[in-house]
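I record what I looked up, in the order in which I looked.

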Amino acid sequence: MASAPHGDQAMAENGDDAAAAAAAKRPRAPITEAEIRAEFAHHDGAVARVNNGSFGCCPATVLAARARWQRLFLSQPDAFYFHSLQPGLARSRAAVAAAVGAVDASEVSLVDNATTAAAIVMQHVAWSFAEGAFARGDAVLMLHCTYSSVKKSIHAYAARAGATVVEVPLPFPVASPAVVVAEFRAALARARAGGRGVRLAVIDHITSMPSVLIPVKELVAICRDEGVDKVFVDAAHAIGQVSIDVRDVGADFYTSNLHKWFFCPSAVAFLHIRKDDPIAAQLHHPVVSSEYGNGLPMESAWIGVRDYSAQLVVPDAVDLMSRFEGGIEGISRRNHDKVIKMGMMLAEAWGTFLGSPPEMCGSMAMIGLPGCLGIDSDDDAMRVRDMLRNDFKVEVPIFNNSRGTEGQKMAKDANGDQVTGYVRISHQVYNVREEYEVLRDAVNKLVRDGFSCSKLRPSGKVQKYRVPIPRS
């Protein structure tokens, strides 16, 4: 017989809201180092996993809560659908609303990921062009390093419907927030050229690759001053890395993934829209279900039969985070300090530098790789990443920056070689110094062995770099 969700969830489902609230307020024992290790014991211990940013991590406690929800559905699907699903999702929306400073849960919709949230917003933009609310040629503004799926969504929906897409270049390495602000102002001026209306600005809170913490509040304020109709903040990496107050940011749409840095399983994200904004009633989930027209939170809460368990365990993730000193803000603060420390250790070992100042990093940092590695293309970057995974058991993304930005000189390492490749390291509660030392030593070995990406490029037969086996 399947067991129902336990603890606070079970009390709430049985109608004892007061008891559930009282239980939630009871102090929890601080988590120990041994418990942290146990929460992530399912990770492959043979791999130096310094890439939390791509897929996040889910603690064993939250995975167990998810399994209970899945068993509850499987044991009696009808009862789950009619009595458990929507109350559970409502509690998750309330938990998100409290975490990000929303007025209440009605401003929060739970979706699979930030990509889905982008499709919701871009679908509305496309309809606005099709229905004549926007003039053909009106602009959509985005950073040139906007995440690829969001870029494609902008082109698939907005550009196809008649929008002119204008990109904001992001110089990298980046020296200060002021550089980003200046580039944004210049691109916005180009977007407005000839009296063109700027219908939407898409701004990353933390760019994915290269990873840079963007001065999002300042850019939103510029959009307001310059008459940009709407602002969509793609904060896929933000919640759990930086403190979020959606009302303070002031965007019309704000989305972030909960499965990256908020300890939820894949896949769950939120989309915030102010409830006093008339546009809230005009947005719809791309998957049309029987809830169509009942508001985006309800449309997103039922898109047909599927596994909703990832969306149901948000309160369990919040509960676990409360056991860490300082809660999620304490976690993110310590992660930031440690990723900067590890980044500086790597930069010193390799004779390079951080790709952005510490204040423009969250829990991820970009570190230049020695220029002699010759990372001259995105393909080179992927081959080096594969090699580090397969031959050195290190999981870390590699960024190719060989093209640079117009007017910006390429940075050089201590040997005078142009730095064209960067690693993006992450730090989460499960990481230890030794993992970064494995990465450090792997790159140092490549340099000592005279490795170059040219050795990995196809040339009639596939070449593969292998770690020499030491003599016993």
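I looked up Asn52 and found that its side chain makes a polar contact with the side chain of Tyr430, at 3.0 Å. A polar contact is a pair of N or O atoms within 3.5 Å; within protein, one must be able to donate a hydrogen and the other to accept it, and residues adjacent in sequence count only if both atoms are side-chain atoms. I place Asn52 in helix 4; helices (H or I, at least four residues) and strands (E, at least two) are DSSP runs, numbered from the N terminus. Asn52 counts as buried, at 0% relative accessibility (buried means under 20% relative accessible area, exposed over 50%, partly exposed in between, with a 1.4 Å probe and protein chains only).

I note that this is a predicted model, in which local features need pLDDT of at least 70 and side-chain atom pairs count only at pLDDT 80 or more, while totals for chains, interfaces and linings use all residues. Residues are numbered from 1 along each chain as its sequence is written, and side-chain values use heavy atoms, with hydrogens and water left out.

I turned next to the rings. Rings of Phe, Tyr and Trp (its six-membered ring) pair if their centres lie within 6.5 Å; planes under 30 degrees apart count as stacked, over 60 as edge-to-face and the rest as tilted. By this rule I have 15 aromatic pairs. One of them is the edge-to-face pair of Phe172 and Phe399, with 5.8 Å between centres and 85° between planes. Phe172 lies in the loop between strand 4 (164-168) and helix 9 (177-191) and Phe399 in strand 11 (residues 398-400), so the pair ties together parts 227 residues apart in sequence. Both Phe172 and Phe399 are buried.

I then recorded Phe263 and Phe324, a stacked pair at 6.5 Å centre to centre and 10° between the planes. Phe263 is buried, with a relative accessible area of 2%, and Phe324 is buried at 9%. Ring pairs link Phe40, Phe263, Phe324 and Tyr430 into a cluster.

Which residue lies over the face of Tyr308? I found Arg306 there, at 5.0 Å from the ring centre; the rule asks for NZ of Lys or CZ of Arg within 6 Å of the ring centre and within 35 degrees of the ring normal.
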